[in-house]
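Hello,

Here is the structure I said I would pass on.

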Amino acid sequence: MQPKRSPLEKKQADTSPMAGAVQAVGMAFAVLEELADTPEAVGTSELARRLGETKARVHRHLATLRQLGFVEKDDVTDGYRLGWKSYRLSTSVGENFGLRRIARRHLLRLHHDSRQTAVLAMPAGADVVVIDEIESTGHVAITIRPGSVIPAVSSALGRAILAFQPEVARAQALLMPISPMTSQTPADRELIRAMLDDVKRRWWEAAVNERLPGIAALAAPIFDDRNRVVASIGVIGSHAVVTQPPSPQLLAQVQEAAARVSAELHSHAWLDLDSTAHPANEPREAR
């Protein structure tokens with residue numbers, strides 16, 4: 001008995017010499033799209049079921065994509081998730097066509113109002129990647145290069161995202177090894193879990209002296225049109241200026257920037273928050 005053809009194969013059925021190559025490329029993208037829509041690692045059998053394909057065919061494509069760096073295997077579950085090259089590709093797309101362009105003027109405003117280095121970051125697995133930065137013009141400027149990858153659990157930019165991600169993503173991030181960079185880097189997983197709960201309650205996060213002595217960051221989450229967290233925006237500066245808890249003025253500036261970028265992405269998350277009691281220590285300034 002011949003195996004039943006998947007919808008993808010039926011759509012691409014062709015007698016031309018290029019048909020096989022087109023089907024292979026289409027199958028590879030189908031695998032990547034399915035992994036992109038799933039926060040947790042997915043096993044080969046489950047992925048084959050979702051795609052309506054044989055396990056052997058899906059495994060061949062996973063092996064190729066893994067070899068190329070677009071897919072990686074989870075050592076704990078043996079499932080598959082997007083690899084670093086996929087995140088780098090998505091970051092490039094974001095820089096040229098999407099979030100970076102949309103957020104740029106709000107990042108400029110945050111930089112101008114706060115007089116600090118303003119930063120935009122996106123999730124990259126258990127990490128976050130900086131996709132834009134505007135350096136402070138002060139005598140002493142804290143810089144971070146676009147493309148820099150930071151562990152989500154040990155950064156304000158990362159925890160501002162991780163707190164609003166599904167529990168599966170949070171659990172996977174907490175399974176990753178934690179390399180303390182200073183005595184203030186949080187290393188206890190239960191403490192980090194409690195910190196993420198606090199972030200989700202108040203909608204901001206600060207990290208003081210966690211990555212470098214004397215350096216601090218303050219960040220807030222950005223949401224898309226489905227009210228899913230897609231990024232974070234914040235400031236980096238001296239721990240004398242970016243404090244824990246933050247000053248009401250600086251907190252308002254960061255949260256305002258997050259709300260404005262979210263609104264441009266057609267999210268009503270921050271508007272919904274404004275219609276109830278605001279969880280931050282101090283209310284944001286009126287827009």
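In these notes, buried means under 20% relative accessible area, exposed means over 50%, and partly exposed is in between (1.4 Å probe, protein chains only). This is a predicted model, in which local features need pLDDT of at least 70 and side-chain atom pairs count only at pLDDT 80 or more, while totals for chains, interfaces and linings use all residues. Residues are numbered from 1 along each chain as its sequence is written, and side-chain values use heavy atoms, with hydrogens and water left out.

A salt bridge here is a side-chain nitrogen of Lys or Arg within 4 Å of a carboxyl oxygen of Asp or Glu. The whole structure has 19 of them.

One joins Arg159 to Glu205, with 2.6 Å between the closest N and O atoms. Arg159 is in helix α7 (residues 156-162) and Glu205 is in strand β6 (residues 205-208), so this pair ties together parts 46 residues apart in sequence. Helices (H or I, at least four residues) and strands (E, at least two) are DSSP runs, numbered from the N terminus. Arg159 is buried at 0% relative accessible area, and Glu205 is buried at 1%.

Another salt bridge, at 3.8 Å from N to O, links Arg170 and Glu167. These two are three residues apart in helix α8 (residues 167-175), which means about one helical turn separates them. Arg170 is buried, with 5% relative accessibility, whereas Glu167 is partly exposed at 44%.

Regards
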